[in-house]
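Dear colleague,

Please find below the sequence and the structure that I am handing over to you. My notes on the contents follow directly after them.

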Amino acid sequence: MKTAQDPVRDYLSAVEREASALPADRRQELLADLSEHIEVTRAERPDAVIGEILAELGDPRTIAATALADSGTGPAASPAWGGSGAPVRRGKVHPLVPLLMLALAQLFGIAFPDDGGPLVGGLVRITGAVLLCTSVHWTASRKVIGFLLTFGLPSVAMTVWNLSEGGPKGGGPALAANLAVLVLASATAAWLWRVRRV
């Protein structure tokens with residue numbers, strides 16, 4: 001009896017066969033990306049037939065040709081994945097949006113420390129973290145690293161700071177702490193931008 005995984009396994013095997021000219025690490029990355037895309041699509045659309053999801057991805061030969069062309073190891077392929085000229089990963093939100101929200105959220109607290117700036121900055125940071133975690137532009141491990149460095153660690157640091165003796169009333173130290181969080185979030189956002197999936 002065939003299970004729902006058989007068509008997926010067959011599809012990924014076909015892509016692997018067609019992409020055999022790719023370096024092994026790039027080929028495995030391609031297969032992992034496709035597998036993750038299939039899982040995400042099935043989770044978002046549980047009623048979708050697996051054949052439809054695979055058809056949306058496109059022909060394995062076309063996917064392999066595109067990957068080969070992108071890596072410079074094969075001829076350029078005219079249609080991209082899915083046949084629509086766009087890569088497999090189609091995010092509803094541009095990857096720059098969560099990165100800017102996470103990187104610049106601290107500015108609200110710095111610019112308006114007594115006028116609700118920290119509250120607005122916190123809401124912007126939470127929204128950016130949610131968009132990062134639900135985005136298709138990064139692998140799960142990169143999402144975790146990005147979340148921890150732009151949301152988790154700054155949130156813990158700010159909580160400890162606010163609960164400590166010299167917390168909110170410290171002028172210069174508070175500014176230095178806010179700037180440190182801003183630099184950490186901005187550096188992490190820059191790194192996430194460089195390692196995003198296009």
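**Salt bridges and helix contacts**

Aspartate 6 and arginine 9 join their side chains in a salt bridge, at 3.0 Å from N to O; the term stands for a side-chain nitrogen of Lys or Arg within 4 Å of a carboxyl oxygen of Asp or Glu. Please note that this is a predicted model, in which local features need pLDDT of at least 70 and side-chain atom pairs count only at pLDDT 80 or more, while totals for chains, interfaces and linings use all residues. Residues are numbered from 1 along each chain as its sequence is written, and side-chain values use heavy atoms, with hydrogens and water left out.

Both aspartate 6 and arginine 9 belong to helix H1, three residues apart, or about one turn of the helix. Helices here are DSSP runs of H or I with at least four residues, strands are runs of E with at least two, and both are numbered from the N terminus. Aspartate 6 is buried, at a relative accessible area of 15%; buried means under 20% relative accessible area, exposed over 50%, and partly exposed in between, with a 1.4 Å probe and protein chains only.

The structure holds three salt bridges. In another of them, the side chain of arginine 61 meets that of glutamate 18 at 3.6 Å, N to O. Because arginine 61 lies in helix H4 and glutamate 18 in helix H1, this pair ties together parts that are 43 residues apart in sequence. Arginine 61 is exposed, at 54% relative accessibility, and glutamate 18 is partly exposed, at 31%.

Glutamate 56 and arginine 45 also form a salt bridge, at 2.9 Å from N to O. This pair links distant parts of the chain, with glutamate 56 in helix H3 and arginine 45 in the loop between H2 and H3, 11 residues apart. Glutamate 56 is partly exposed at 37% relative accessibility, as is arginine 45 at 32%.

**Fold and nonpolar cores**

The chain contains eight helices and zero strands. Of its 198 residues, 34% count as buried.

The largest nonpolar core has 18 residues, of which Tyr11, Val15, Leu30, Leu34, Leu57 and Ile63 touch the most other members. Such a core is a set of buried Ala, Val, Leu, Ile, Met, Phe, Trp, Tyr and Cys residues joined through side-chain atoms within 4.5 Å. At least two residues of this core come from each of helix H1 (5–18), helix H2 (24–44), helix H3 (50–57) and helix H4 (60–71). Another core, of 10 residues, lies apart from it and includes Leu102, Leu132, Phe151 and Leu192.

**Surface and ring contacts**

On the surface, Leu96, Leu100, Leu104 and Leu107 form a nonpolar patch with about 310 Å² of accessible area together. Patches are made of residues with over 30% relative accessible area and no salt bridge, with like charges joined within 9 Å and nonpolar side chains (Val, Leu, Ile, Met, Phe, Trp, Tyr) within 5 Å; the areas come from the Shrake-Rupley method with a 1.4 Å probe, and for residues only the protein chains shown count as cover. Leucine 104 is part of helix H5, residues 96–111, and is partly exposed at 39% relative accessibility.

Leucine 119 sits in helix H6, residues 117–133, and is exposed, with a relative accessible area of 59%. From leucine 119 to glycine 109, the C-alpha distance is 7.7 Å, and the two are 10 residues apart in sequence.

Finally, arginine 196 lies over the face of tryptophan 193, at 3.5 Å from the ring centre. A charge sits over a ring if NZ of Lys or CZ of Arg is within 6 Å of the ring centre and within 35 degrees of the ring normal.

With kind regards
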